Amino acid sequence: MIEPEEGVPTVLNLSEIAEREKEEEEKVVEIVREFGAENLIYCMQCGSCAAVCPLARVGFEWYNKKLIKALLLGLKEELLDDPTPWACVACNRCTEVCPRLVSPFEVMFAVRRMMVEEFAIPTLAIEGLRALYEYGHAVYMTGREARKKVGLPEKPPSTDSDEQALKDLKTILKNTKLAELGLIPMND
Amino acid sequence: MIAETESVKGENKLKFGLFLGCNIPFNRPDVEQAMRKIFPALGVEIDDLKGQSCCPTWGTMPSIDIVAWCAVAARNLCLGEEKGIDLMTACNSCYGSLNEARHKMLTNPEIHKSVNEILAKIGKKYEGKSKCRHVAWVLYKDVGLEKIKESIKYTLDDITIAVQPGCHFLWPSNVYPDKEEDPFNPKVLRELCEALGAEAPYYSKLVDCCGMGALRSTDPEKSFTLVKEKLECIKDELDADMIVTTCSSCLIQLDDAQERLRKEGKLNFSIPVLHYVQLLALCMGFDPGQVAGISVTPRDEIINRIIKG
């Protein structure tokens with residue numbers, strides 16, 4: 001960390017941290033590549049992705065370009081406490097403009113997957129997973145009155161009204177990594 | 001890899017599985033009702049895709065594991081494939097998640113194989129044939145602007161619309177069955193609105209993000225910054241009579257955040273927001289209470305203007 005002068009905010013010196021964690025470097029890149037960010041290593045830091053990223057616009061710390069740089073330098077611990085990857089709207093503007101086919105969106109989501117393994121997952125995401133498993137829908141199951149009001153049956157023709165389909169979905173979920181992680185109860 | 005864009009036309013009749021998602025049936029069921037009214041009236045048969053679930057949306061399985069994401073998506077796609085039809089959705093997130101998952105399965109045999117091993121446990125297999133279409137593209141390409149013009153009872157004369165196609169209608173363009181000529185200068189929704197008689201001009205923040213989804217649940221303050229900028233641009237550049245979107249998330253954000261901003265004294269105007277299928281349903285003469293009955297920002301005035309001319 002660079003010592004701040006008076007009135008100057010602390011600057012995170014990425015290279016300095018990277019020096020410290022050099023041995024971690026290869027490992028982090030391999031982890032995120034494993035989790036779907038295969039083309040991460042082709043990034044040339046041109047910044048096209050940052051120019052179109054809604055997260056960069058509103059001031060999130062680890063927006064796409066900076067996140068990729070940090071990963072290539074081997075940083076991991078610094079990222080785990082930060083909410084940025086969980087704020088990504090998956091809009092894929094970055095994927096569309098990337099001249100190196102890095103797909104920065106995949107990097108954001110690979111970091112989410114890495115964070116999940118470390119249990120650095122927001123409560124809301126857990127609630128969404130729980131609702132998906134319980135009902136097959138990742139929303140609060142309100143709105144039944146609203147459905148009636150607009151002339152629709154109380155339940156849509158989904159897992160919400162089809163026991164076998166919900167059972168099938170649960171079988172699928174139980175055979176995925178979600179079950180291994182043990183983030184939500186999946187007993188029934 | 002995903003070349004085919006022709007949707008299944010059994011006996012020259014258009015038929016799609018209506019994929020609802022989560023936000024539409026539980027938060028905005030008037031959008032569901034609008035689709036159930038307009039499509040049969042336009043000669044498009046709807047299958048209920050009984051047993052469908054969440055697509056899965058971004059904060060769930062896509063954040064956990066790629067194969068898990070594709071497996072949930074594939075079960076939904078199977079429901080169409082088993083009947084020889086494509087899905088169609090009015091939710092951009094579903095459109096994005098299902099098509100990205102399909103693209104992964106079709107371009108990566110290992111993922112496809114792992115998914116089918118999981119699906120085998122419930123007696124299913126995804127061949128990769130059925131895909132998910134967007135209702136706006138179905139209306140634009142399969143139904144066609146002429147048929148839309150013929151089907152409407154009310155036209156939108158002297159009405160200016162600010163269009164909001166929404167992110168997953170556009171990007172990443174290589175995974176979608178239909179794509180704009182220039183995804184950063186989209187025309188489809190503008191033309192669909194013009195077919196109803198309205199003006200739908202370009203404005204400088206047309207393709208900007210509304211700030212919904214993960215951004216809003218992570219940091220509402222930052223999310224409202226984006227939506228406020230967008231709304232102010234729409235007011236300043238177009239003085240639009242309404243905002244029309246093809247995405248259920250944009251619909252909720254633009255409608256709901258607008259009211260929150262007004263309550264906090266950060267916004268001093270009001271612009272009604274509709275999903276395109278709702279606007280079309282209103283123009284076709286369906287009951288406003290059923291097809292456009294749920295909103296936070298008031299719609300009565302604009303609906304009366306449409307209906308009374």
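Student: What does buried mean here?

Tutor: Buried means under 20% relative accessible area, exposed over 50%, and partly exposed in between (1.4 Å probe, protein chains only). Accessible areas come from the Shrake-Rupley method with a 1.4 Å probe, and for residues only the protein chains shown count as cover. The model is predicted, so local features need pLDDT of at least 70 and side-chain atom pairs pLDDT 80 or more, whereas totals for chains, interfaces and linings use all residues. Residues are numbered from 1 along each chain as its sequence is written, chains are lettered from A and ligands numbered from 1 in the order written, and side-chain values use heavy atoms, without hydrogens and water.

Student: How many helices and strands does chain A have?

Tutor: Helices (H or I, at least four residues) and strands (E, at least two) are DSSP runs, numbered from the N terminus. Chain A has 13 helices and zero strands. Of its 188 residues, 52% are buried.

Student: Which helix of chain B is mostly covered?

Tutor: That is helix α12 (residues 276-283) of chain B, where eight of eight residues are buried. Among them are Tyr276(B), Gln278(B) and Cys283(B). Gly285(B) follows α12(B) and has a positive phi, near 95°.

Student: How many aromatic pairs are found over all chains?

Tutor: Rings of Phe, Tyr and Trp (its six-membered ring) pair if their centres lie within 6.5 Å; planes under 30 degrees apart count as stacked, over 60 as edge-to-face and the rest as tilted. In the whole structure there are eight aromatic pairs over all chains. One of these is the edge-to-face pair of Trp137(B) and Tyr140(B), at 5.7 Å centre to centre with 90° between the planes. These two residues are separated by about one helical turn, because they stand three residues apart in helix α6 (residues 135-143) of chain B. Trp137(B) has 4% relative accessibility and is therefore buried, whereas Tyr140(B), at 22%, is partly exposed.

Student: What is the geometry between Trp171(B) and Phe184(B)?

Tutor: Their ring centres are 5.0 Å apart and their planes meet at 35°, so the pair is tilted. Both residues lie in the loop between β6 (161-164) and α8 of chain B, so the pair ties together parts that are 13 residues apart in sequence.

Student: Which residues do ring pairs link into a cluster?

Tutor: The cluster consists of Phe105(A), Phe109(A), Trp58(B) and Trp69(B).

Student: How many salt bridges does the structure hold?

Tutor: A salt bridge is a side-chain nitrogen of Lys or Arg within 4 Å of a carboxyl oxygen of Asp or Glu. The structure holds 36 salt bridges over all chains. In one of them, the side chains of Asp208(B) and Arg57(A) meet at 3.5 Å, N to O. Asp208(B) lies in the loop between α8 and α9 (214-218) of chain B and Arg57(A) in helix α4 (residues 54-57) of chain A, so this pair joins two chains. With 19% relative accessibility Asp208(B) counts as buried, while Arg57(A), with 42%, is partly exposed.

Student: Where do the partners of the salt bridge between Asp188(A) and Lys170(A) lie?

Tutor: That bridge has an N to O distance of 2.6 Å. Asp188(A) lies in the segment after α13 (177-181) and Lys170(A) in helix α12 (residues 163-174) of chain A, so the pair ties together parts that are 18 residues apart in sequence. Asp188(A) is exposed at 51%, but Lys170(A) is buried at 9%.

Student: How many residues apart in helix α2 of chain B are Glu32(B) and Arg36(B)?

Tutor: Glu32(B) and Arg36(B) form a salt bridge, with the closest N and O atoms 3.0 Å apart. Both lie in helix α2 (residues 29-41) of chain B, four residues apart, about one turn of the helix. Glu32(B) is buried at 1% relative accessibility, and Arg36(B) is partly exposed at 22%. Elsewhere, salt bridges with shared partners join Arg57(A), Lys205(B), Asp208(B) and Glu229(B) into one network.

Student: Which residues form a negative surface patch?

Tutor: Patches are made of residues with over 30% relative accessible area and no salt bridge: like charges are joined within 9 Å, nonpolar side chains (Val, Leu, Ile, Met, Phe, Trp, Tyr) within 5 Å. Lys and Arg count as positive, Asp and Glu as negative, and His and the chain ends are not counted. The place of a charge is NZ of Lys, CZ of Arg, CG of Asp or CD of Glu. Here the negative patch comprises Asp157(B), Asp158(B), Glu194(B) and Glu199(B). Glu194(B) is in helix α8 (residues 188-194) of chain B and, with 38% relative accessibility, counts as partly exposed.
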